[in-house]
Amino acid sequence: MDDDQKERPESLLPYERWIEQALRQVVAQAIEHAAAEGLPGGHHFYITFRTDFPGVSIPQRVRAQYPQEMTIVLQHQFWDLAYDRANRAITVGLSFGGVPSTLIIPLDAVVEFADPHIRYGLRFQPLDQGDAAEPTAEAAGPEPQEPAAPAEPGQVVSLDAFRRRTPQG
């Protein structure tokens, strides 16, 4: 048996976790860029996150509908998009059933991120509460504000529909 066929020993260093932490920063940078510059061309984001993750703030009726996981689409009808570096959290305004709401999504709650325009996507292992990076301050977001133009209900896509759209590769 040559060296290529031998099993690799299990690492005592958490390389996989470090890689995921680094890739989560790609999500943070994409959000920061979109918040500052807008979404160019046909770019848009699908963000799937754990609704039951500590620090997630979404309307209670939405949490009841999606008790564990949901996907939001950032394309046309959102506002106040930001990434809070101190708290490692995404904030965004969306309408659900015509009611404007501010969502707070800790970066560690994100399990999938995609930009379907360029067929780019990332998947993350769900983190346990103990694995999450500790924010430096209590997560707090801005008060919900009415969008400048009347908003249609936010587009929420089931995870199954999201997976069908993600190319395998």
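Q: How many helices and strands make up the secondary structure of the protein?
A: This is a predicted model, in which local features need pLDDT of at least 70 and side-chain atom pairs count only at pLDDT 80 or more, while totals for chains, interfaces and linings use all residues. Residues are numbered from 1 along each chain as its sequence is written, and side-chain values use heavy atoms, leaving out hydrogens and water. Helices (H or I, at least four residues) and strands (E, at least two) are DSSP runs, numbered from the N terminus. The protein comes to three helices and eight strands.

Q: In what order do the elements of the protein run?
A: The secondary structure holds three helices and eight strands. Read from the N terminus on, the elements run α-β-α-β-β-β-β-β-β-β-α.

Q: Which strands stand at the edges of the open sheet?
A: Three strands form this sheet in the order β3-β4-β5, with antiparallel pairing. Two strands pair if DSSP finds at least two bridges between them. Each edge strand has a single partner, so one side of each is left without a neighbour in the sheet. The edge strands are β3 (79-84) and β5 (99-106).

Q: Over how many bridges do β4 and β5 pair?
A: Strand β4 covers residues 89-96. Ala-89 stands opposite Pro-106 in β5. The two strands pair in the antiparallel sense, and the number of bridges is eight.

Q: What angle does the direction of helix α1 make with that of β3?
A: Helix α1 (residues 15-37) packs on the sheet, touching β3 and β4; contact means heavy atoms within 4.5 Å. Axes are lines fitted to C-alpha atoms, for helices over the stretch in contact, and angles run from 0 to 180 degrees between N-to-C directions. The direction of α1 makes with that of β3 an angle of about 140°.

Q: How many salt bridges does a search of the whole structure find?
A: A salt bridge is a side-chain nitrogen of Lys or Arg within 4 Å of a carboxyl oxygen of Asp or Glu. One of them joins Arg-24 and Asp-108 at 4.0 Å, N to O. The search finds six.

Q: Are Arg-24 and Asp-108 buried or exposed?
A: Arg-24 sits in helix α1 and Asp-108 in the loop between β5 and β6, 84 residues apart. Buried means under 20% relative accessible area, exposed over 50%, partly exposed in between (1.4 Å probe, protein chains only). Both residues are buried.

Q: Which residues are linked with Arg-24 in a network of salt bridges?
A: The side chain of Arg-24 meets that of Asp-108 in a salt bridge. The network holds Arg-24 together with Glu-20, Arg-88 and Asp-108.

Q: How far apart in sequence are the parts that Arg-85 and Glu-32 tie together?
A: Their side chains meet in a salt bridge of 2.6 Å, N to O. Arg-85 is exposed, at 62% relative accessible area, and Glu-32 is partly exposed, at 23%. Arg-85 lies in the loop between β3 and β4 and Glu-32 in helix α1, so the parts tied together are apart by 53 residues.

Q: Which residue's side chain does Glu-112 join in a polar contact?
A: Glu-112 lies in strand β6 (residues 110-115). Glu-112 is buried, with a relative accessible area of 4%. A polar contact is a pair of N or O atoms within 3.5 Å; within protein, one must be able to donate a hydrogen and the other to accept it, and residues adjacent in sequence count only if both atoms are side-chain atoms. At 3.4 Å, the partner of Glu-112 is Arg-123.
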